[in-house]
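Here is a short note to read beside the model. Take the points in order, and keep the structure open as you go.

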Amino acid sequence: MSPVIEVRNLRKTYGAGDTAVHALRGLDLTVEKGEYIAIMGASGSGKSTLLNILGCLDIPTSGTYLLDGIDTGDFDEEQLSLLRNRKIGFVFQSFNLVPRTTALANVELPLVYAGVRRAQRRERALAALDLVGLKERTHHRPNELSGGQQQRVAIARALVTSPAIVLADEPTGNLDTDSSREVMAILDRLHASGRTVVLITHEDEVAAHAMRTIRVVDGRVAGVLV
Amino acid sequence: MRLVEIAAFAVRGLTANKMRSGLTTLGILIGVASVILLIAVGNGASSAVQQSIAGLGTNILTISPQRAQQGSTVKPLTTADAAALVGPDSPDVKYASPVVSAQATAGYGGTSYAISQFIGTDPHYFETTNSGVAQGNLFSDNDIQQARKVVVIGATVATQLFPGVDPVGKSMLVNNIPFTVVGVLAAKGSSGLQDADDMAVAPLTTTQNALTGYGSLTQIVVQARSADALPNAQAQVTTILNGRHKVSQTADYRILSQDQLLTARTATTETFTVLLASVAAISLLVGGIGITNIMLVTVTERIREIGIRKAVGAPRSSILGQFLIEATLLSLFGGALGVAAGMLGTQFTIAGIKPVLVPSSVLLAFAVSALIGLFFGSYPASRAAKLRPIEALRHE
Ligand SMILES: Nc1ncnc2c1ncn2[C@@H]1O[C@H](COP(=O)(O)OP(=O)(O)O)[C@@H](O)[C@H]1O
Ligand SMILES: [Mg+2]
């Protein structure tokens, strides 16, 4: 069986000429199905750049990225949006919920774009909110929720489509210790139920949840700690 | 995904921020309404003037004294001139009424009122100018011969001086001279810039005695036998007056036909309309900039939201569709309210002018505003939809 993620010689350059920033310089990475991986590294080392490319939110300057054995380089914008919708769940450090919209509507969002019917959509969104322990908060808007609760809504939104991989860029970066613990418990449960999880973190306690930690230095993978 | 879902996003987007949607609607409303209203006022003014002139009849010539030219002397227009215009030499002239006019202050009881036109003339004047009597009677030739102090007043004077009182038979002071009101003229209405009912008519002799003195007439108003006979009548009048005034080169009087008057006035009101149209165009522009502004702000503020939607897998077409529907709904709603407000506004008299709606202006204002709203509501959104999700999410 092919790995869920297979990245070869990935490069990403921002800008051009003298001011060009080489965020990724020939990075290789393989993630097997069901793995739980933490990415660590100094600020500016290229972690977010890597994760954005893995989430199909951005496009590499060169190199190949196979997602579930499919070369994403061959995909056009329309197919990429389909990939993001079906195969990827992305959790941001800053939550990125649609403002002035209820938790339920936020979680339903990917399902709407997936063309899931209303009744089924509601059922699945409620189940996802239940899974993150927010069944009581379905009709609250983001500004009526704490940071930890917002992040749990965002995780519910990421897992509601049953994606092949869940990617999280410093999901606990903006949270206090208790909220962080809750969020990590949810990610642990996701992994336990067979989901592939890749997260970026600065904290060793968070990284300790993962099976494997990858260290990124200057846009390359420097070492793998098991 | 289905269109209904996209439309639902659009509606939710609008209702989620009522303040923003309300302001946008208001911007479009004001733009549309002001254009419709301004054009209606201009149109109302010009059509009122035209109506009032047309109401006077089309078979009238007005003769007035010409200002002195270099090297020529000016003979005054006299009652004798007027009398000479009716006779066997001018078969197409029906009547020629001598007219003097002045401003006068009238008083009755405790009230006083400044009448803008106090006219002295003969009884034919009423027929020539299509003036009918609403109450009482007109004065007669006999009143002129006896120089009786009788007066027929216009509707405005009647309401100003005699509120709730029947003026007929009452004695009214004109420049402190008592006149007996014998009749009230039927209302003609305002001609936009000037109130045709703010006047009073008395016998020529009495008016000259009391108010104007015996100098030149202000006008001679000639009625031709028919509208078709007007050019002949004009020629006959010219011949007679040239003879009497011994005119060799430039005439010391001026003849204006109702047609010419109409043309002159129409030109004036057209200028007025053009002026108002430019004001309207500017207000359309300003309204348009307002719409543009709020739409751009709205979309820019929401580029992050576009990024979020793209990140969870929204195809470009659905984002485009959502913002297009939002912009359409706002533009249509604001435009419709603006049309309603504009049409409501035309029901009121504005600065003495009764606005007359120009149907094409409704279409113009609506279309321009809707297109501006649509364009600036959806064009920036379509650009944002083309960004990579991460670029949209990072947008400041
Ligand atoms: N949009 C961008 N434009 C220009 N430079 C960028 C952009 N995003 C990231 N970078 C640069 O790329 C490098 C890697 O950034 P990032 O992947 O965010 O690092 P990390 O997440 O590891 O802190 C940094 O030097 C950063 O300044
Ligand atoms: Mg980062």
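1. Start with strand 7 and strand 8 of chain A. Strand 8 covers residues 196-200. The two strands pair in the parallel sense, over 5 bridges. One pair to find on screen: A:Val166 has A:Val197 in strand 8 as its bridge partner. Please bear in mind that this is a predicted model.

2. Now look at strand 6 of chain A, residues 88-91. Strand 6 is joined to strand 7 by 4 bridges, and these two run parallel. Here A:Val91 stands opposite A:Ala168 of strand 7.

3. Is strand 7 of chain A mostly covered or mostly open? It is mostly covered: 5 of its 5 residues, within 165-169, are buried. Check both faces. On one side sit A:Ile165, A:Leu167 and A:Asp169, all buried.

4. Strand 4 spans residues 62-67, and 5 bridges join it to strand 1 in the antiparallel sense. In general, strands of a sheet pair through backbone hydrogen bonds, either parallel or antiparallel.

5. Next, the contact between the chains. Chain A gives 26 residues and chain B gives 28 residues. Together the chains bury about 2,400 Å², with 56% of that on carbon and sulfur atoms. On the side of chain A, the most area is lost by A:Leu57, A:Arg100 and A:Tyr113. Together they make up 27% of what that side buries.

6. How many salt bridges cross the interface of chain A and chain B? The rule finds 3. A:Glu77 and B:Lys310 form a salt bridge through their side chains, at 3.0 Å from N to O. There are also 8 residue pairs in polar contact across the interface.

7. Which elements of chain A supply the touching side? Strand 1 (5-14), helix 2 (77-87) and helix 3 (103-113) each supply at least two residues. By type, the residues of chain A that touch chain B divide into 12 nonpolar, 5 polar and 9 charged.

Conventions. Residues are numbered from 1 along each chain as its sequence is written. Chains are lettered from A and ligands numbered from 1 in the order in which they are written. This is a predicted model: local features need pLDDT of at least 70, side-chain atom pairs count only at pLDDT 80 or more; totals for chains, interfaces and linings use all residues. Side-chain values use heavy atoms; hydrogens and water are left out. Contact means heavy atoms within 4.5 Å. Buried area is the accessible area (1.4 Å probe) that two parts lose on being put together, summed over both. A salt bridge is a side-chain nitrogen of Lys or Arg within 4 Å of a carboxyl oxygen of Asp or Glu. A polar contact is a pair of N or O atoms within 3.5 Å; within protein, one must be able to donate a hydrogen and the other to accept it, and residues adjacent in sequence count only if both atoms are side-chain atoms. Ala, Val, Leu, Ile, Met, Phe, Trp, Tyr, Cys and Pro count as nonpolar, Asp, Glu, Lys and Arg as charged, and the others, Gly among them, as polar. Two strands pair if DSSP finds at least two bridges between them. Buried means under 20% relative accessible area, exposed over 50%, partly exposed in between (1.4 Å probe, protein chains only).
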